[in-house]
Amino acid sequence: MRDVELSFALMIETKARLIERIKRSPSVESFRFRLDERVDFSPGQFLQVIFDQANRNNKGLNKYLSISSSPTKPYIEITKRVSQSEFCAKLTSLKEGDEILLRLPMGECVFKEEYKRIGFLIGGIGITPVISILEYIIEKNLGTDAYLFYSNRTDDDIAFKKELDHWQSINKSIKVYFTVTECQPRDKTCLFGFISKELLREKACDLSERMLFLFGPPGMVEEMCSVSLALECKRENIKTEKFIGY
C-alpha cells in the first residue's frame with residue numbers, strides 16, 4: 001500500500017506475462033513481465049499487482065509495488081522483499097509464461113528530465129524506484145548529477161549493488177554511498193552507520209540545492225525529511241513516498 005493520492009483517470013489494466021526472475025539479494029527478488037500492450041510511465045512510478053480480481057479491496061492479495069525498470073525497457077520489472085505473506089507466496093510461485101493482472105501507472109514522486117541535480121536518501125527496499133530513475137538517466141545519457149545515499153542493515157541486504165556499482169563506474173555524474181547500520185561492513189566500499197547530517201555535510205555539501213527523493217518505510221522517510229530540512233533543503237524540493245505494509 002502507498003501513502004499517496006491515486007489518479008485513476010490515467011491508469012489502465014493489462015495482462016502481463018512473466019519472462020524472468022532475478023535474485024537481487026538473499027531476501028529480495030525481481031520479476032520481469034512482458035505486457036499485452038505498451039504502457040507509458042514516468043521513472044519513479046508504481047503499479048498494483050491484482051491477484052484477487054473478484055475482490056479489488058483485498059489488500060492482502062492486491063498490492064502496490066514500485067516499478068524497478070526504466071520506461072525505456074521492453075518489459076516491466078517489480079522487485080519485492082520476500083516474506084511469508086500470502087501475496088509473496090502467490091508471487092514467488094509464478095513460473096515463466098504465467099500471467100498476472102497489473103494496474104498502472106501510479107504515483108507523483110517522479111523524475112523529470114529538467115532536474116539537473118538530484119539526491120536520494122533511501123532505506124532498504126526503497127531503492128526500487130531509484131533503480132528506475134537511474135537506469136533511465138543512464139539509458140537516455142542525460143548527464144544528470146545524482147547522489148544516492150542507500151542504507152541497509154547488513155552487506156547482504158543491499159539489493160542492486162552490482163548494478164549501482166556499474167552505473168557509477170561508467171557515469172561520473174552518479175555517486176553512490178552505501179551505509180550499513182547493524183555491523184561493520186565486510187565490503188570496504190560501504191560505510192558503517194546511519195545516513196546522518198554529518199555524513200551528508202561531508203559527502204554532499206550542495207544537497208540543499210538538489211531535488212531530493214525520499215522513498216522507503218514511513219519512519220525512514222520522516223527521519224530523512226527532518227535531516228534534509230535541518231540541512232536547509234527547501235521543502236518544495238523534497239519529494240517523498242512512504243511504503244506502507246510492504
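Within the predicted model, F178 stands opposite C190 in β10. Residues are numbered from 1 along each chain as its sequence is written. Because this is a predicted model, local features need pLDDT of at least 70 and side-chain atom pairs count only at pLDDT 80 or more, while totals for chains, interfaces and linings use all residues.

Strand β9 (residues 174-180) is joined to β10 by three bridges, and the two run parallel. Strands are DSSP runs of E with at least two residues, helices are runs of H or I with at least four, and both are numbered from the N terminus; two strands pair if DSSP finds at least two bridges between them.

Next comes the helix pair. The axes of α2 and helix α3 (residues 161-170) come within 11 Å and cross at roughly 30 degrees. On the α2 side, the contact is made by I127, I131, L134, E135 and I138, and on the α3 side by L164, W167 and I170. The crossing of α2 and α3 is left-handed, in the sense that the near helix is turned anticlockwise from the far one by less than a right angle, clockwise being right-handed.

Elsewhere, strand β6 (residues 99-106) has seven of its eight residues buried, so it is largely enclosed by the rest of the structure. Buried means under 20% relative accessible area, exposed over 50%, and partly exposed in between (1.4 Å probe, protein chains only). Six bridges join β6 to strand β1 (residues 12-25) in antiparallel fashion, with T14 as the bridge partner of L102. Strand β3 is also antiparallel to β6, through four bridges. Here Q48, in β3 (residues 46-50), stands opposite R103. The side chains of Q48 and R103 are joined by a polar contact of 2.6 Å, that is, a pair of N or O atoms within 3.5 Å; within protein, one must be able to donate a hydrogen and the other to accept it, and residues adjacent in sequence count only if both atoms are side-chain atoms. Q48 is buried, with a relative accessible area of 2%. Leaving aside residues up to four places away in sequence, Q48 touches N62, K63, Y64, L101, L102, R103 and M106. P105 also lies in β6, and a cis peptide bond with omega of about -5 degrees joins L104 to P105.

Two loop residues complete the account. N141, in the loop between α2 and β8, has a positive phi of about 50 degrees although it is not a glycine. E232, in the loop between α5 (218-230) and β12, is likewise not a glycine and has a positive phi near 70 degrees. N141 counts as exposed at 67% relative accessibility, and E232 counts as exposed at 67%.

Note on methods
Side-chain values use heavy atoms; hydrogens and water are left out. Contact means heavy atoms within 4.5 Å. Axes are lines fitted to C-alpha atoms, for helices over the stretch in contact, and angles run from 0 to 180 degrees between N-to-C directions.
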